[in-house]
There are 2 protein chains.
Amino acid sequence: MLDNLAGKITDSELEVMKLLWCAKDALPVTAIREELQRTKGWEPATIKTLISRLVSKGVVRQEKRNVYYYSPVITEKEYSSWATKDLITRIYNGKARDLIASLVNSDGLSQDDIAELRELFKVEE
Amino acid sequence: MLDNLAGKITDSELEVMKLLWCAKDALPVTAIREELQRTKGWEPATIKTLISRLVSKGVVRQEKRNVYYYSPVITEKEYSSWATKDLITRIYNGKARDLIASLVNSDGLSQDDIAELRELFKVEE
DNA sequence: ATTCGCAGGCTACAACTGTCAACTGTATTG
DNA sequence: CAATACAGTTGACAGTTGTAGCCTGCGAAT
């Protein structure tokens, strides 16, 4: 269900998704515009384009009220786990453990991270 | 040193890089072409374009012999660790452990993987 | 009711990507 | 030496991405 959709979210579009993911309910353009104009310095037109593209791609749903309200079709977790899997496929020959190994031996993780992960693996199973 | 370069390697270009990374020495176009024509079904022209672009981007070096020989400027490890860091920045708000947590709770890892990782963390430090 | 602001839809446009063809010069081969 | 083959260079062309303007109609404010 994600294979066709999520792969297509670009960097700029992702900023819009992040905002929608934060919001608990659907948002009108006004709200999206205000936030992204401030944080990203984008023109209203740019923001409208990004939203339209996300709707075309099927990852954002629009709900007609007085004005359209937008909400994400896929969750942030779905997306990030898809993106991670995609990285593993493309770069680590499908081997997830190679990704982690790479993180471990390249300053990708702080000591804190490592400690926390050790916990994580202890709890698991 | 990577920030400027590596980010720009596209999917198609990556296939060329993978080949160069596998080879122990620099390769002439002939060798690259043979392999990618067979495995990817690309036309010679396509392959030549990809190589040129990689050279322009500075991630592949050409060495003049009778004919140019090509070799990677960045190592596979450098690239993959950059790409991973990039993913973490863009999607996991810079928190590496969130990436791993996501992998752990989403079928990203097989039981084998988990076992192996547990080993990895035991050995570390 | 007239005006004003803006949501939505359409258009634009340069840079980047995925694919590839045509030309040009040099090296190999008969 | 003439013909062939192909590396290297340049151009091409459609689709995607980043960024943004214009126009039209509706709803809010005067």
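Helix 1 of chain B and helix 3 of chain B sit roughly perpendicular to each other, because angles from 65 to 115 degrees count as roughly perpendicular and these two axes cross at roughly 85°. The axes also come within 10 Å of each other. Keep in mind that this is a predicted model.

So what touches what here? From helix 1 of chain B, the contact is made by B:Ser12, B:Glu13, B:Val16 and B:Met17. Helix 3 of chain B answers with B:Leu50, B:Ile51, B:Arg53 and B:Leu54. Sorted by class, that contact has 5 nonpolar, 1 polar and 2 charged residues.

Now over to the DNA. There are 20 residues around DNA strand D, and A:Thr10, A:Thr49, A:Arg53, B:Val29 and B:Tyr68 come nearest. Helix 3 of chain A gives the largest share, 4 residues. By class, the surface near DNA strand D divides into 6 nonpolar, 7 polar and 7 charged residues.

On the phosphate side, an N or O atom in the side chain of A:Thr10 is 2.4 Å from a phosphate oxygen, while for A:Thr46 the distance to a phosphate oxygen is 3.2 Å. On the base side, look at A:Arg53: a side-chain N or O atom there is 2.9 Å from a base nitrogen of DNA strand D.

Note on methods:
Residues are numbered from 1 along each chain as its sequence is written. Chains are lettered from A and ligands numbered from 1 in the order in which they are written. This is a predicted model: local features need pLDDT of at least 70, side-chain atom pairs count only at pLDDT 80 or more; totals for chains, interfaces and linings use all residues. Side-chain values use heavy atoms; hydrogens and water are left out. A residue is near a molecule or strand if one of its heavy atoms lies within 4 Å of it. A polar contact is a pair of N or O atoms within 3.5 Å; within protein, one must be able to donate a hydrogen and the other to accept it, and residues adjacent in sequence count only if both atoms are side-chain atoms. Ala, Val, Leu, Ile, Met, Phe, Trp, Tyr, Cys and Pro count as nonpolar, Asp, Glu, Lys and Arg as charged, and the others, Gly among them, as polar. Axes are lines fitted to C-alpha atoms, for helices over the stretch in contact, and angles run from 0 to 180 degrees between N-to-C directions. Angles under 35 degrees count as roughly parallel, over 145 as roughly antiparallel, 65 to 115 as roughly perpendicular and the rest as oblique. Contact means heavy atoms within 4.5 Å.
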